[in-house]
Amino acid sequence: MSDGSSERKAPHVCHATTGKAMVPALRILALGMVSLCASYLFGNYLSHWWGLPAMSDFIDGSAGGSAAGIVQVLVYLLPMAAVVTIVLRTPGRALHQDSEMLSNFTAFFIRGAFWAVLLIGITDTVISFLRIEGLLDDVLGKAAAVNLGRPAFRGLFVHYPLLAASFFIAKYTRTIGFHWLALLITAAEVQIVIARFIFSYEQAFMADLVRFWYGALFLFASAYTLIEEGHVRVDILYAGFSERGKAWTNTLGALFLGIPFCWVILTMGFWGKSNVITGPLLSYEVTQSGYGLYVKYLLAGYLLIFAVSMLIEFTSYMLRNAAVLLHKPDFHPDLDEHAKI
């Protein structure tokens, strides 16, 4: 006679076995997606900034068998091989652990970006004010004043060092800075009103600063809002779904809508030297007002930061919801810290 209890347990055993088999594949898919994004960006940096053959040149044969062409292939293959190796050597790692790791990296990335726009915005405003009032020669000398009037010099020797310093600061801070950035935007708007209507003083850099910070507030905060489940859902079905139904919706939505959307931004903006992101970054594009802030090229870079941060967070979101699907219906990694897949 068969044991009824063992028959009842068999489906659960099968489900657990299937779940364990799915975990490495999901981890490779998620971490491989992030690796592919990093390789794509680095490969395009080598191609557009250093003149190396692009990956597409190697594929169609125009790069030949040159060492530079092989470097592009290795830029993609080596990180992906590292991802597969790491996943296979850590079979006991849970999906929500990788999800948390990716979310933590996104938070660090966004913290650095917020510090960058804060420091660059204030520094560039001071430089533009001194320059337009004719004080830059007295403060820094004539040679420095002339050089700071060149977009490429200001970008390379002022903006980029501040950008590096911002990520160093972000490593030792744990708060997301958009709350303070929102306050600074308000302060910048208020000083425009006061300067214009009380002192009859208005310059282009004042409005440029507001746009510079305002764009950062919305594009950089998007990934953090996704982490906190703060995006508005317009639906008539999702609210009534079960926990597993919501997990399926979030997993498939991230995989087939969110992540592809980010790739569209990256490919359309970064594919060639004249594309919407690459072009301004290469030329250090500025506004037509010569005495405004020299940060227009960084505004194009906002799209890059948005796409990368959202892609990583969508990948984290997919893993977090996939963990729910591979557990009992009431499982949630945020509520069950000791659960393992």
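**Entry 1: helix 10 and helix 12.** I began with the packing of helix 10, residues 243-270, against helix 12, residues 296-325, in this predicted model. I found their axes 8 Å apart, at an angle of about 160°. Angles over 145 degrees count as roughly antiparallel, and that makes helix 10 roughly antiparallel to helix 12. I then looked up the handedness, and the crossing of helix 10 and helix 12 is left-handed. Sorted by class, the residues in the contact of helix 10 with helix 12 are 24 nonpolar, five polar and three charged.

**Entry 2: a residue of helix 12.** I next turned to Thr315, which lies in helix 12. Is Thr315 buried or exposed? I noted a relative accessible area of 1% for Thr315, and since buried means under 20%, Thr315 is buried. Which residues does Thr315 touch, leaving aside its neighbours within four places in sequence? I listed Ala30, Met33, Val34, Leu102 and Ile259 as its contacts.

**Entry 3: helix 4 and helix 9.** In the contact of helix 4 with helix 9, I found 19 nonpolar residues, five polar residues and no charged residues.

**Entry 4: cysteines.** I then searched for disulfides. A disulfide is a covalent bond between the sulfur atoms of two cysteines. How many disulfides does a search of the whole structure find? The search returned zero. I checked Cys37 and found that the closest cysteine sulfur, in Cys262, is 8.5 Å from the sulfur of Cys37. A disulfide requires sulfur atoms within 2.5 Å, so the sulfur of Cys37 is too far from that of Cys262 for a bond.

**Entry 5: the protein chain.** I counted twelve helices and zero strands in its secondary structure. Read along the sequence, the pattern of the protein chain is α-α-α-α-α-α-α-α-α-α-α-α. The chain has 341 residues, of which 42% count as buried. Finally, I considered contacts between residues at least 6 apart in sequence, and 76% of these join residues at least 24 apart.

Note on methods:
Residues are numbered from 1 along each chain as its sequence is written. This is a predicted model: local features need pLDDT of at least 70, side-chain atom pairs count only at pLDDT 80 or more; totals for chains, interfaces and linings use all residues. Side-chain values use heavy atoms; hydrogens and water are left out. Axes are lines fitted to C-alpha atoms, for helices over the stretch in contact, and angles run from 0 to 180 degrees between N-to-C directions. Helices (H or I, at least four residues) and strands (E, at least two) are DSSP runs, numbered from the N terminus. Angles under 35 degrees count as roughly parallel, over 145 as roughly antiparallel, 65 to 115 as roughly perpendicular and the rest as oblique. A crossing is left-handed if the near helix is turned anticlockwise from the far one by less than a right angle, and right-handed if clockwise. Ala, Val, Leu, Ile, Met, Phe, Trp, Tyr, Cys and Pro count as nonpolar, Asp, Glu, Lys and Arg as charged, and the others, Gly among them, as polar. Buried means under 20% relative accessible area, exposed over 50%, partly exposed in between (1.4 Å probe, protein chains only). Contact means heavy atoms within 4.5 Å.
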